[in-house]
Amino acid sequence: MKFEQAGNGYIAKNDKGDKVAEITYSPAGEKFVIADHTYVAKELEGQGIAGKILDHLVAEMDKQGKKIMPLCPYVVRKFEKEPEKYDFINYNKHK
């Protein structure tokens, strides 16, 4: 699945051009962003799409040298469940 920048976030579209996944963030200073919303269309739920779009956000913020403060409940759960994968980018671990 291909993700594209859309404002302060990333989206994925289906073949018809409809948005089927989204993750958004709010800039919060020079060193971090707040991950505040994740969306996956009902027909794609359970296929790991939310994890993929989160990983895309993580990779992009890592390239920019920014940490992520999880606010979205999905991102909070992922950061808690997989600290070995996300602690390096989790702002709450590097205050």
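Modeller: Start with pairing. Two strands pair if DSSP finds at least two bridges between them. Helices (H or I, at least four residues) and strands (E, at least two) are DSSP runs, numbered from the N terminus. This is a predicted model, so-called local features need pLDDT of at least 70, side-chain atom pairs count only at pLDDT 80 or more, and totals for chains, interfaces and linings use all residues. Residues are numbered from 1 along each chain as its sequence is written, and side-chain values use heavy atoms, with hydrogens and water left out.

Colleague: Which residue in β2 does E4 stand opposite?

Modeller: E4 faces I11 of β2. Strands β1 and β2 (residues 9-13) run antiparallel and are joined by two bridges.

Colleague: In what order do the five strands form the sheet?

Modeller: The order is β1-β2-β3-β4-β5, in an open sheet with mixed pairing. The edges are β1 and β5 (67-70); each has a single partner strand, so one side of each is left without a neighbour in the sheet.

Colleague: What are the elements of the chain, from the N terminus on?

Modeller: They run β-β-β-β-α-β-α-α. That makes three helices and five strands. The chain is as compact as a globular protein of its length, because its radius of gyration is 13 Å, close to the 12 Å that the globule rule gives for 95 residues. The radius is taken over C-alpha atoms, and the rule is 2.2 Å times the number of residues to the power 0.38. Along its principal axes, the C-alpha trace spans about 40 × 25 × 20 Å.

Colleague: Where is M1, and which residues does M1 touch?

Modeller: M1 is in the segment before β1 (4-5). Contact means heavy atoms within 4.5 Å. Not counting residues up to four places away in sequence, M1 touches A12, V20, L44 and I49. The C-alpha atoms of M1 and K52 are separated by 8.4 Å, with the two residues 51 apart along the chain.

Colleague: What share of contacts joins residues at least 24 apart?

Modeller: The share is 41%, among contacts in the chain between residues at least 6 apart in sequence.
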